[in-house]
Amino acid sequence: MRDVIIEAKGLGKTYGSQRALADVNIAVPPGTIGLLGPNGAGKTTFIKCLLNLETPTTGNATVLGCEIRAQNRASRERVGYSPEQDCHVPGMVGCEYVTYCGQLSGMSFQRARQRAHEILDLVGMGQERYRSVDTYSTGMKQRVKLAQALVHDPELVILDEPTNGLDASGRESILQLIGSLWKQLGVSVMISSHLLHDVERICDRVIIIADGRVIEHDSMEALKNRHRRIVELAPSSEAERFTIVLKNAGLPVERLSNGRLRVETPSESAEPILSLMRQHNLPPAEIVANPNALHELFLKSLAASKTPQNGNAA
Amino acid sequence: MRACPALPRHLHRRTFTGVFWLHSFLALGFSLIALSVVVPRLITRDRASNALTIYLSRPLTSFDYLLGKLGIILGILVLMWTGPLLLGWLLSMAFAPDSDFFVYSFLPLSRALLFNLIALVTLAAVAMGVSALGKTARAVVPIWMAAWIVAGMIASLPTTPDVVRAASFSRNLEEVRQDIFRVDEILIKAGETLPLVDRGLTKNMLSLGQRESKRSATGAYIGLAAIVVVSSFVFSRKLRPE
């Protein structure tokens, strides 16, 4: 098992006078990695540089131990990529297209054909696989894009906004599939998304990019622990008593519009609050530690990135 | 029995040259028509459907993609032009009564192949350049027609300046064809030696040959080189995922 799947040293990209990536230094271990950032932050440019779809202006990077410039082909042999925009080879039916993509990655026709059907089953494509990709709905196009990225058994899959255009159930199944890639198959995933909830749910590591710079890179757990501790609890009854008990314990409480209470706690876990509730015989219906932590951290990081002293995190 | 007994011996080679010249004219025309069908699909569709991203995110390079597309164009042109040319020649050699056919046809065949090679390079570059220009067939077809037919018509006007004339690849290919096959020599020699009854025809052949001999094809060669360079530049610029 590799210690690092992606390593960038001084990676930069400019388009004329516009800087898209600036001196990115980062070493990413295997796992499910979320790449976050606002629109135009440089996420896609970073991905394109890693895949040699864009030539970096400065610096270099290695993907799965291969230098992207010196080992151009080799660096992409074990990588799957699902781009954000619609892309397919026109005039092909779904299973032909996925088979063809397998062949482009060096698989024999027989092997690619067999693997294409397995992967199309995995992403939830039924008989639609025998229809032309040109006629697919947005959701089907997302699934077939994911299938072509996985067909050649890659070691790393890079997914750019993979849940765009999917309905709730489709999104759920795709997220489950992406989440299982690392846990069950050992395939590392880098997922670029602006949907923080999706990233929070399936990723064990997060990279936040803003203005072409990496401003945060750490495990999800470490990032959440760095954030102020918030506990959200839903009172089963007597909401007023809950508030009074928490306030008397010296904890800042905010009542939310959905009836829940948002409590700031000095502890890393929700255990002290649970003890307090037990003490006063007030069982909460639901208690969630650090809800929206990633969202708040994301906004905080973006605000911090706008200060001039900020550098890269590695 | 001797070869081509009806013609004087010194005209044998020129007869073959005339045949190959005519073949190159027809083959060029058919190839251009075939390319008109292919050009809107060649790179345009890949650009429109973002297939380039799919290709280039695999262990393939832009050069591999270029070779693939070049293979398609060359396949068509070989099928329409080089294949029939060589097959026809081989068949005629197989049924030739003696070795004179080989001796007299070899130089004209070499000339035909040289022109074929120049045309292959030019047409491949122009076809890929034009196909890379647009994202829809609707946009690419008029560009191809303008580059081939409109530019060719403008270049054929007697008042058109040489610089503008050199911008037409079809006109340049026409001039290069005349230069490679030395059509002026054929016309002059035929006018001087053939026992033609019609004196007007003889006179016309001689004057046409003399006019052709005065024409320089240097501008056409430079024009073709420039067109290939510009087309390759356009193609390489557009060969990037968007």
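**View 1. How far apart do the C-alpha centres of domain 1 and domain 2 of chain A lie?** They lie 41 Å apart. Domain 1 of chain A covers 6-220 and domain 2 covers 228-289, with bounds that come from an automatic or database domain assignment. Keep in mind that this is a predicted model, where local features need pLDDT of at least 70, side-chain atom pairs count only at pLDDT 80 or more, and totals for chains, interfaces and linings use all residues. Residues are numbered from 1 along each chain as its sequence is written, while chains are lettered from A and ligands numbered from 1 in the order in which they are written.

**View 2. Here's an open sheet of four strands in chain A, in the order E2-E1-E4-E5.** The pairing is antiparallel. (Strands are DSSP runs of E, at least two residues, and helices are runs of H or I, at least four, numbered from the N terminus; two strands pair if DSSP finds at least two bridges between them.) Strands E2 (18-28) and E5 (66-67) of chain A sit at the edges with a single partner strand each, so one side of each has no neighbour in the sheet.

**View 3. Now look at E1 (residues 6-15) and E2 of chain A, antiparallel strands joined by seven bridges.** Among the residues involved, Tyr15(A) has Gln18(A) in E2(A) as its bridge partner.

**View 4. This one shows where chain B meets chain A: 14 residues of chain B are in contact with 19 of chain A.** Contact means that C-beta atoms, placed from the backbone, lie within 7 Å. Helix H3 (residues 51-56) of chain B gives the largest share of chain B's side, five residues.

Methods: Contact = placed C-beta atoms within 7 Å.
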